[in-house]
Amino acid sequence: MDSTMNPEKTARKRRLPWRRILLLPVVLLLAVAAYFIESRSGWSDLYRAAGVSLDAPDADLLAQTSTTVTVLDVGQGDAVLIGQDGAYCLIDTGPSDAKGDLVRDLQLAGISKLDYLVLTHPHADHTGGAREVLRNFAVGQLLVPPWDAQASGETADWPRGLFDLAAEQGTDVITAEDGTVYPLGSGTLTVLQGGESELYDTDDSSAHVNNASLCTLFEAGNFRYLSTGDAESAAEQRLVDRYGKALHATLFKAGHHGSSTSSTEALLQVVQPQAVAISCGLNNDYGHPHARALQRLTDAGAEIYRTDTMGTITFTWQNDTLSAASADTLDAAA
């Protein structure tokens, strides 16, 4: 007699193999992804297999070159990766709408660890990807300028929960002090200025946060890279008054995305850069880079490189020669 048969149990037993079959493609997909990631060109192959268009640093170029500065194309914002002897520092993280691309590009570049994440000032086009970077990469130190939104009369502040997330991820949060030197491979990153309260006092309220930008100088051998965030004329003049010709740099990232109120003649006279990188979005609403700023850069004799027309640009320093490579070009900057 078949009275021991339970139709519900029988149905469940018949459905179970189908669940296992449905899991099979997922397991295979994870295995394929793991293979790509572990292989030499890992993330690049994986993204190409998924049909994703790539505009990322060349992982081989970064791995084979001691000194590199990569200006990442994050649209209307800033994100610059400095590499020295396999150690890396990321200055700013672009806007929020580019955070996925930023993480992808860093992965494609072969980055798994950042010695430093530097945020120049609390504007969204510089901090939008900060939390995503902390979640996806091991970050040694998060370096920020002193910032007092109330004193500045501004509502801008750091992304919500940023410092708590850094603590959770084991990242030290450091408030920058002028003159502090941070080692990066055989090179150094020096804090020049940032966050000075006297620079909050300006007739142009939009310049409050910009003039509080952390300004840094990276040096490796004879190579020097100057970064001034969104610093405008008042903060630039303060730099000139304090450091003069000691600001000389091989490579300079134009202040405030090529704004007319940055990259002043006074600063360029002492920096005298061989090359200038401008990070801005194509056909952006601000008119960056401004014609007056471009003319000043041209008059200074600098080669000009722009992310809006070239995409991500990697500068390399070898045998005292500066070169620039983008997805489409490989040109000598000097």
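Helices (H or I, at least four residues) and strands (E, at least two) in these legends are DSSP runs, numbered from the N terminus. The model is predicted: local features need pLDDT of at least 70, side-chain atom pairs count only at pLDDT 80 or more, and totals for chains, interfaces and linings use all residues. Residues are numbered from 1 along each chain as its sequence is written, and side-chain values use heavy atoms, with hydrogens and water left out.

**View 1. The protein chain as a whole, with 13 helices and 16 strands.**
Start with confidence: pLDDT is the predictor's confidence in each residue, from 0 to 100. Its mean for the protein chain is 86, and 77% of the residues reach 70 or more. Over residues 1-5 the pLDDT is below 50, and beyond near neighbours in sequence this stretch has one contact in the model (contact means heavy atoms within 4.5 Å). Residues 7-16 also have pLDDT below 50, again with one contact beyond near neighbours in sequence. Where pLDDT is low, the predicted coordinates should not be read in detail. Of the contacts in the protein chain between residues at least 6 apart in sequence, 66% join residues at least 24 apart. Buried residues make up 50% of the 334 residues in the protein chain; here buried means under 20% relative accessible area, exposed over 50%, and partly exposed in between (1.4 Å probe, protein chains only).

**View 2. An open sheet of seven strands, in the order 7-8-9-10-11-12-13.**
Pairing in this sheet is mixed, and two strands count as paired if DSSP finds at least two bridges between them. Strand 7 (181-184) and strand 13 are the edges, each pairing on one side only. From one strand to the next, the twist averages 20 degrees. For this and the other angles, axes are lines fitted to C-alpha atoms, for helices over the stretch in contact, and angles run from 0 to 180 degrees between N-to-C directions.

**View 3. Strand 8 (residues 187-193) alongside strand 9 (residues 215-220).**
These two run antiparallel and are joined by five bridges. Gln-193 has Cys-215 of strand 9 as its bridge partner. Cys-215 is buried, because its relative accessible area is 0%. Helix 10 (residues 233-243) lies across both strands, at about 115 degrees to strand 8.

Is Glu-303 buried, exposed or partly exposed? Glu-303 counts as partly exposed because its relative accessibility is 42%. Pro-273 is 30 residues away along the chain, yet the C-alpha atoms of Pro-273 and Glu-303 are separated by 8.4 Å. Helix 12 (residues 291-299) lies across strand 12 (275-278) and strand 13, running at about 140 degrees to strand 13.

**View 4. Asp-308 in helix 13 (residues 307-310).**
With 12% relative accessibility, Asp-308 counts as buried. Its side chain makes a polar contact with the side chain of Arg-306, at 2.8 Å. (A polar contact is a pair of N or O atoms within 3.5 Å; within protein, one must be able to donate a hydrogen and the other to accept it, and residues adjacent in sequence count only if both atoms are side-chain atoms.) Leaving aside neighbours within four places in sequence, Asp-308 touches Cys-280, Gly-281, Leu-282 and Pro-289. Cys-280 is buried too, with a relative accessible area of 0%. A search of the whole structure finds zero disulfides, a disulfide being a pair of cysteine sulfur atoms within 2.5 Å.

Most residues other than glycine have a negative phi, and most peptide bonds are trans. In the loop between strand 12 and helix 12 sits Pro-289, and the peptide bond from His-288 to Pro-289 is cis, with omega near -5 degrees. Asn-283 is found in that loop as well, with a positive phi near 55 degrees. Asn-283 counts as exposed because its relative accessibility is 68%. The other loop, between strand 14 (313-318) and strand 15 (321-326), holds Asn-319. Asn-319 has a positive phi of about 55 degrees although it is not a glycine, and at 78% relative accessibility it counts as exposed.

**View 5. Helix 4 (residues 99-108), largely enclosed by the rest of the structure.**
Gly-110 follows helix 4 and has a positive phi, near 85 degrees.
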